[in-house]
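Student: I would like to go through the labels on this model one by one. Please set each value against its definition.

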Amino acid sequence: MPKTLLLSTLLFLGSFFAGSVAAQDGKTLFSTNCASCHAVHKKLTGPALAGVEDRWPDRTKLNAWIKNSAAFLKTGDAYANNLYNEYNKTAMNLFPGLSDKDIDAILGYIKSVPAPGSEKPAAGAAPVEEGDNTLLFGILTLILAVVALILLQVNSNLRKLSDERIGEPETTPIPFLRNKRNIAFIAVLLFIVGGYLTTKGAMGLGRSQDYQPEQPIFYSHKVHAGVNQINCLYCHGGAQEGKHSNIPSVNVCMNCHQAINEYKGEKLYTEAGVEVDGTKEIQKLYKYAGFESGKPYDATKSKPIEWVRIHNLPDHVYFNHSQHVKAGQVQCQTCHGEITKMDEVKQFADLSMGWCINCHRETKVQFKDNGFYSIYEKYHQDLKSGKMDSTKGVTVEAIGGTECQKCHY
Amino acid sequence: MFLYNITGAGVARKQPIAINQHIMEQKKIWQSFGELNQSEAYNKDVKDEFKEELPFVADESKSFLEAKAPRRDFLKYLGFSTAAAAAAASCEMPVKKSIPFANRPEDVVPGVSKYYATTYVQDGDVVSVVAKVRDGRPIKLEGNDLSHVTEGGTSARVQAAVLDLYDTARLRFPTIDGKEVTFEAADKSIADALTGLSGSVVVLTSTITSPSTKETIAQFLAKYPGSRHVTYDAVSYSGMLQANELTYGKKAIPSYHFDNAKAIVSLGADFLGTWLSPVEFAKQYAKGKKINEKNPEMSKHIHFESVASLTGSNADEKYLHRPSETAAIAAALLSAVNGAGVTGISNPKLKAGIEKAAKALSENKGAALVVSGSNDVNVQVIVNAINEAVGAGGKTINWAVTSNYRAGVDADFTKLVEDMNAGTVGALLISGANPSYTWFDADKFNAGLKKVKASISFNTKEDETSVLCKYVLPDNHFLESWGDAEAKTGYFSLIQPTIYPLFKTRQWQDSLLKWSGSSVDYLAFVKNYWSVKVGGETGWDKALQDGVINPATAPAVSGAPFNGAAVAAAVAAATSAKKGGELELVLYEKVGIGAGQGASNPWLQELPDPVTRATWDNYVIVSPALAKTLLNIDLNNGGQADAYEVNPPKPVVKVTVNGKSLELPALIIPGTQENTIGIAVGYGRSEKIGKAAAGVGKNAFIFAGLSGSTVSLSNSAVKVEATKEKYPVALTQTHSRYDTAQGNRTEVMKELTLSEYKAHPTEIRDEREAELKPYGGLEKFEGQGTIYPVYDRPGIKWGMSVDLNSCNGCGACVVACNAENNVSVVGKPEVLRGHEMHWLRIDRYFSGDMDNPNVVFQPMMCQHCDNAPCENVCPVAATNHSSEGLNQMTYNRCIGTRYCANNCPYKVRRFNWADYTGADSFPDNQEGIVNDVVLNMNDDLTRMVLNPDVTVRSRGVIEKCSFCVQRLQEGKLAAKKSSRPLEDGDLKVACQQACPTHAITFGNANNKESAISKVRVENPNRQFYVLEQLHVLPGVTYLAKVRNADEEHEGKEKHEAAPEKKEAEAKHEAAH
C-alpha cells in the first residue's frame, strides 16, 4: 500500500504540474519530478543519477524508460529489469507528460551538478545586512534630549541671573518632585507608556510568533525541502485537499528512508548550537516505524510520532489550507516563512488577525484564471473598461474576503 | 376581504389605506389565547424581549447604594473579573501535540468529511441515509437521494439518531445477572442454558425488515425444535394486518400513493407525523399540495380526529369526533360512498363532514384514498371496503409492493405472555421489543419473564425489559452495524458501519449465528446473502456504495382481489358499538418521542411538539370547552386565559382508567374534541436509559387495553378530576413574541383558500403593492423606502424560500439544524425561562374559531435582512452584513449587550445565558446552573457529535441562524477548486436537506438559473416577506399557505365568532 500511495501522490503531483512543464529549465523539472526519489550524487529510493546517460546503453531506451517504465519493463530489456530487481521491484513513476526536450533539460542539469567536495564555497563574500537604524536614531534622540536638558538648565540659570539683576525678589525654588507641573507631566507620561505596554501585552496574549519547540525527532526541513528539494506537498498533501495541512504518517517517511539510513550532509546544529547526529535521528524514525535495517519494512508495526504542534489558531477561527494553496495558489512560504532554510521549524508569522487581514487586502485572487469568478460580471466589465485598475487586480477584500464570516463561524 | 393578513394597530402611515382599515377589524390569526383576547398580561408581556429583571437594575424608589446590587458589589465584581482575567491571561500556552496516523489510509484526509450510505433502522422504521463521517466520527445523517422510498427525506428522529450513538447510557459490555462478563463467557453460559431446556425457545423482536436477519432467525429456530419468532410492536398495526388478511387474503400492509390521490380522507391516521412511514408519505402528500401558479390545482384532504395531531393540523378540512365514534364514521362513510347516504351519525357538523368526504371521494374515483389509524379490525375492514368502492386499489393503493414497517400481531404476543406465565417458555431472546414498558399489562409480562429460565436481551440500553433479563448482550448502534432492510417489498437498503464499535458490544445477529452453530459471522453472512443476488463482489461494492437496491423497473401499481364477505359483519359491529362515556381518552405518539424510542435523546425532548409546542413532558390535552367545565378556565375571559397561559405551571388533573390513574398537567389545545382528552405515550421511562429520560412525564401505555384481539389506544370510559396541584410545562409557544408599533406577529402569516386564490390570484401581491405604494411600490421599495444607501451585491446573493404549502411542521429541520450547528440543549428549567437556543423554530398559528381552528406552521429563522435592524444597534459591530447578503454573527466580538435581540422583529436571536457547552475558560460556572442533561451533553463521549467546522459558543454571546455558512464556504471552495461558477448542487443548507417535502429552497439569487431564482419568478402571487413594510429587506421569502377548503366553511364561522372577542377588541382600541 505505501507504494501505491507514493505512486498515486506522485502521479497527482505530476499531473498537477504537467501544464507548465515545457518552458521550465532542467533544475526545476528535476526538483518537481525526480527529486523525491533521486539525487544526483546519492542513492535515495532510486539510483544516483550522475552519469546516467553513460550507464544506459541507448539514449532512446532511457527516454522510453523515463516516460513509461512499466511498459518498458515489459519489453524485456535486460538493463531495465536488472535495475528493477536491484531496487526491490520498486516501480518508478510514469512521466508521460515529459517531452524529449524536457528530458534533455533534466539530463543537462544532472551533468551540470558538480560532485560533492569538488566545489569550494565562494569565500570572503560578507553578508550584506540590511541597515538597522534603530540604534542610530536612539543615540540621536538621547543626545538631543541631553542637549535640551542642558539648554533648559542654562535658560533657568540665566533667568535667575536676570531676575537678580533687575532686583526682583527671588522666588523660593520648588523641589522638582513637588512641582505640580512635573508631577502632572510624569503622571501623563506613565499613563501613556503604561497603557501602551499593557495594550501591546494584551494583544500579544496567546500569540506565539517564533515559537520553536523541541520535536521528538530533529527533523530538518532545510535538509529535506531545502537541500534535497522535496516538494512540500509530497509530505503535506492534505494542504491542497482539505482544511488541515496534514503531518505525514510514518509510512510516508519510510518511502524514502528505507533506503536512506544515514545522514552525510552538512553538519546540523540545534538552535542552541548543539551538534546533532543526523544518522541517529534517522534511527529514531526507525524505532517509530518498527524497522530494522536489513529486514523488510512492515508498515503495520509503526507507531505514530507525537510531534509538537507549532501553529495554533483559536477555536473561533476557521482556516482552510486548500482554500489558500489550491484555490488561491498561495505559496507555503508566504505564511510559513523560508521553511527551506529552517532546521527546526519555528512559527514565522504571528498569526494575528491583523496579519491575515493585511494579506487579504493586498493579495489578488485568481480572478481571470478561475472560472468561479466569472459570476462577478460587474468587476469583469470594470476591469475591461479601466474603471478598475487591472494592474492592481481584484483583491481578496474586493470579493468580501475581509468580512467576519469568511473566517468566524 | 379574504386575506388573513392583519396589520397591527398604530402603524404610522402617510396615507391610510382602505384595505387595512378593513383588516384591522378582525384579528383572525393568533398564536396564543392572550393574543386572541388582547389581554392585559399579554400586552404587558410582549413589551419585553427578555423576561428576567436585569441584575444591576436598582429599585427606583431607593438610592443606588441601597439597591440590591450597590456600587460596592459592582466594584467587587469588577475587581474580581479583572483579577480573573489577569490570572487566566498569565497562564502559559499549553503545549499541544499533533499526532498523525501511523499509516494513513489512502482515502482519508484529515479534516475532510467522508460520506457513507447506510440505513436508519429503529423498530421497523426504515430510512435510507448517508452518514457524514468526519475524522472517523459520524456527525450527521442526511437522506439518501437514491432511495426510491424516501427520496432523500428524513424525519426529526432520523436526524437525532446520530446522537444516540454517543449516548452515555448505552450498555458498554455484556452482563449476566448484572455482572460484567466477556462475550465468550456469556456464549458458553447461554449455550449451556439452551441445551436441555425444558420449555420452548422464543425470539421476541419488534418488526424486522431485514431479510438476512430473518434468515439468521430461521437458522437459529431450526436448531431448536418447537421454537418460534414473535413480532411485537409497541404501537400495533395488528388491526390492519388482520383486516387485510380477511379482505385481501394477505397479512400485510400495501404501499400507499398519496401523490396519486386527489381526495384523501384520513380517519385519525397521523400519516405525516407518526403513522407507518411518515417520511415517505410526507413526500408524496407534498407533491399533491405543490401549487403551480398558472394552473392552481391541489389535492383535498379531509381529516377526522379526536385530538389535535400534526396531520389534522395540515388538513384542508378537519372534523372532530369522539374516539368511540370511529367505527360508526367509517360505516357512515362507506354507506355514503355507496350512495346510501350518511347513516347513524347525529352530530350535524360531523354528518356534513362525512357527506363532504364521500362527495370528494366519489368525484375522484381512481384518485381517492382513505386511511385509518385505528387498530380495530372492523374499522380497517370497512376502510378497505371504502377504498375498493372509490377505486383506490391499483391507483393509490399498491398491492404489488407491500410495506414491511409493521408486522406484529397482538394475538401472538398475548399468547406468548400466557405461555410465559404458564411456564412453557424456556428461553426468551429479546431484540428491540420492550414490553415491560410498552405493554399495557406490563406486570403480567414481568411475572411471566421471571418464569423464563434463560431470558436474554440484546437491547442497547438497560431498559425496562433488559433490567429484568438474566443475560444482557448489548447490540451495536446501527451506525456500527452491518445489515440490510427491506422497507417495501423489492426496495432494499443496506447498512454498513461508519465507526468501529465504541463499546464491547456485538451485533445480535452474530450471537444468533454463533448459537445456531454457524461458522460464519454476520458480516460474511450478509455479504454472501447479497453477493449472490447483486452479481458478486463488484455488485456488492456498488450496492454498499449506493446504500440502496431498487427494483430495475418499479412494479406497476396494482390492486388485489377483494373479498367483501367480512364487510357486512364489520359494519354491523361498527354500528352497534357501545356509546362512549362522558369523557374519552386517546393515546397518541409524538413526532419526536414515538413509542418511547426518542425519550433518551435530548434533541428530541427539546424539540417542541408541532401542535402543542411543549417540550420535555407529556400532559393531558383538553379542549377549550372541557377546560371551562373541568378546570374553570374560560379562554374567552382575558384574565383567566392569562392566568392559565402566562405562568408555566399548569393545573394538574387526575385521569383514571380501569382503576389505574395518572396525575398529569393539562394543556388546552384548540382543535380537540370537547369530550376527549389525549395523552402522549413514550414518557415516564426508566432513568437508566439516559439523563434526558429521567423523570420526564409519565407512562400512559398503562391506559391501553385489549379490544377484541387487538390493542386499543383509546378508551371510552375515563374519569378526569381536577386537583389543586400545578406543574410547570415548558411551552415555547408564548416565547419569542414581540409586538411593537412597527408591526406585530400576526402579520407574519398569510393564508388563503384555493377558491379565493383562483378567483383572485394576485390578491396577496395587490395587497403588498397597496401597502408599499407610498414608498415606491413593490418595484422601488428597496431604494425609496429608506434613507440608507442601496448596496451592490456582486457575485453571490444568498436567498431562501419557504413554501408554507409544503411545510407540514414535522420538525426534521429543527433537529437537523441542532446537529449541523452545534446548537446547545438547555434543559427544561431553561426552556421554562424562555432560554431555548433553537436557531430555527416552527411557529404554530391558529386562525378561525377556537374550537376547531385552522393551523398553519411557519419555519422561522434569521431572515438575513439586507437592512437589518440588529446590525445598527450593535455597539461593537459583532453583527454586520456580508457582500453575499448574510447577516453575520461574530461570536468572538460579541460582548452580550443583547441590543440586537431586542431590535430583531423576528425574535430569532438567541443568547447564551449560561455556559451550556462548557466552552468557557472557567470550569466551575456550570455546576448548579445548568441541569444534568446539559452537563451530560458536555461529556467527552457526547461531544463527539459536534461539528468541528462550527464554533462551540460560550456563555454571554448571541447566536442565530447563519444560513449554514460553513456549508456555503465549503460549496464555494469546491467550485473554486474546479474553476467553475457555483451551482445549486454544490451546497444545501441543513434544514433544506433534512426536509422530506422540499419546502425549503436555497441558493444564489443572483444566478438566474438557480432554483431559488426560479421559485421566486414562478410564484409571484403567493410570495411574501414577513413584516415587509418595516423595510428590513429579508433574504427569506415565504410562499403563502393555500388551503383547499371552501370559502364559506371557515368564513362564516369566523364572522359569527364569539361576541366577547369583539368586545375585548373594542376595549383594547378604546384603551389606546
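Tutor: Start with a crossing: α13(B) passes α20(B) in the left-handed sense. This is a predicted model, where local features need pLDDT of at least 70, side-chain atom pairs count only at pLDDT 80 or more, and totals for chains, interfaces and linings use all residues. Residues are numbered from 1 along each chain as its sequence is written, while chains are lettered from A and ligands numbered from 1 in the order in which they are written.

Student: How is the packing of α13(B) and α20(B) described, and at what angle?

Tutor: Two packed helices are described by the angle between their axes and the distance between the axes. Here α13 (residues 377-389) and α20 (residues 567-575) of chain B pack at about 125°, with axes 9 Å apart. Axes are lines fitted to C-alpha atoms, for helices over the stretch in contact; angles run from 0 to 180 degrees between N-to-C directions. Helices (H or I, at least four residues) and strands (E, at least two) are DSSP runs, numbered from the N terminus.

Student: Why are α13(B) and α20(B) called oblique?

Tutor: Angles under 35 degrees count as roughly parallel, over 145 as roughly antiparallel, 65 to 115 as roughly perpendicular and the rest as oblique. The angle is about 125°. Therefore α13(B) and α20(B) are oblique to each other.

Student: Which residues make that contact?

Tutor: α13(B) brings B:Asn378, B:Val379, B:Val381, B:Ile382 and B:Ala385. α20(B) answers with B:Val567, B:Ala570, B:Val571, B:Ala573 and B:Ala574. Two residues are in contact if their C-beta atoms, placed from the backbone, lie within 7 Å.

Student: How many residues of the α13(B) and α20(B) contact are nonpolar, polar or charged?

Tutor: Nine nonpolar, one polar, no charged. Ala, Val, Leu, Ile, Met, Phe, Trp, Tyr, Cys and Pro count as nonpolar, Asp, Glu, Lys and Arg as charged, and the others, Gly among them, as polar.

Student: What makes α11(B) and α12(B) oblique?

Tutor: Their axes come within 9 Å and cross at roughly 50°. That angle makes α11(B) oblique to α12(B). The crossing is right-handed. On α11(B), the contact residues include B:Leu333 and B:Ala336; on α12(B), B:Glu355 and B:Ser362 are among them. By class the contact divides into nine nonpolar, one polar and one charged.

Student: How do you know that β3(A) and β2(B) pair?

Tutor: Two strands pair if DSSP finds at least two bridges between them. Two bridges join β3(A) to β2(B), and the strands run antiparallel. A:Val308 has B:Lys97 as its bridge partner.

Student: How many residues of each chain meet in the interface?

Tutor: 43 residues of chain B are in contact with 50 residues of chain A. On the chain B side, β2 (97-98) and α32 (965-977) each supply at least two residues. The largest share, six residues, comes from α32(B). That side has 19 nonpolar, 15 polar and nine charged residues.

Student: Why are β1 and β36 of chain B edge strands?

Tutor: The open sheet has the order β1-β35-β36 (chain B), with antiparallel pairing. β1 (29-30) and β36 (854-860) each have a single partner strand, so one side of each is left without a neighbour in the sheet. β35(B) and β36(B) pair over seven bridges. Among them, B:Arg844 partners B:Phe857.

Student: Where in chain A is confidence lowest, and where highest?

Tutor: Confidence is lowest in α1(A), residues 2-18, at a mean of 42, and highest in β3(A), residues 307-308, at 93. pLDDT is the predictor's confidence in each residue, from 0 to 100. Over residues 1-23 of chain A it is below 50, although this stretch has 31 contacts beyond near neighbours in sequence. Residues 119-130 of chain A are also below 50, with one such contact. Where pLDDT is low, the predicted coordinates should not be read in detail.

Student: What are the chain averages?

Tutor: Chain A has a mean pLDDT of 82, with 88% of residues at 70 or more. Chain B averages 86, and 90% of its residues score at least 70. The model scores ipTM 0.82 and pTM 0.83.

Notes
A crossing is left-handed if the near helix is turned anticlockwise from the far one by less than a right angle, and right-handed if clockwise.
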